[in-house]
Amino acid sequence: MAIHCSRCGVDNQDQAKFCTNCGQDLTQPTYHYQVPPKSNTDVMTIGQYLLTFLLLSIPIANIVMMIIWSVTGSTNKNLQNMARALWIWVAIWTAVTVVLWVVLVRASSAMFYTWDAPIWDGPMMEAPWYDTFNHI
């Protein structure tokens, strides 16, 4: 079995200590370093955050960008998690707003529905002195 030279690629004899072509030492183990693939978990810089907040301040673009950032797999994980957290806040505030509007509408409709009702509708109205006090 021939020894392969890591520098020039020439096959040498099994007992060879040096490459016959380039002189590379064949007795030393060769390490193959591979550059790790770029991950999308890198920490976002301050400039990237500022650009993100600028894009989120533009009315229609913010919704489009939040959809893209939250569902795209190639998006930076920090940005993806921030977009998903913003969607959760949007859902919470929408639910709170709907509940408050329902309560407000019910309270205002109840107030206008009983607008012409007497202020006191209790047992005092049957009292004999009610008419006396009502005319004063």
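Modeller: One term first: contact means heavy atoms within 4.5 Å. The model is predicted, so local features need pLDDT of at least 70, side-chain atom pairs count only at pLDDT 80 or more, and totals for chains, interfaces and linings use all residues. Residues are numbered from 1 along each chain as its sequence is written, and side-chain values use heavy atoms, with hydrogens and water left out.

Biologist: Leaving aside neighbours within four places in sequence, which residues is Met66 in contact with?
Modeller: Leu56, Ala83, Leu86, Trp87 and Val90.

Biologist: Which residues of helix H2 are buried?
Modeller: Asn62, Met66, Trp69 and Ser70, in a helix that spans residues 59-71. Buried means under 20% relative accessible area, exposed over 50%, partly exposed in between (1.4 Å probe, protein chains only). Helices are DSSP runs (H or I, at least four residues), strands likewise (E, at least two), numbered from the N terminus.

Biologist: Why are those four on the same side of H2?
Modeller: They cover an arc of only 90° around the axis, which puts them on one side. The arc is taken from the directions from the helix axis to the C-beta atoms.

Biologist: And what does the face turned away carry?
Modeller: Exposed Ile60 and Val71.

Biologist: New topic. Which residues make up the largest nonpolar core?
Modeller: Seven: Met44, Leu56, Met66, Trp69, Leu79, Met82 and Ala83. Such a core is a set of buried Ala, Val, Leu, Ile, Met, Phe, Trp, Tyr and Cys residues joined through side-chain atoms within 4.5 Å. H3 gives the largest share, three residues.

Biologist: What is the overall pattern along the sequence?
Modeller: β-β-α-α-α-α. Of the 136 residues, 15% count as buried.
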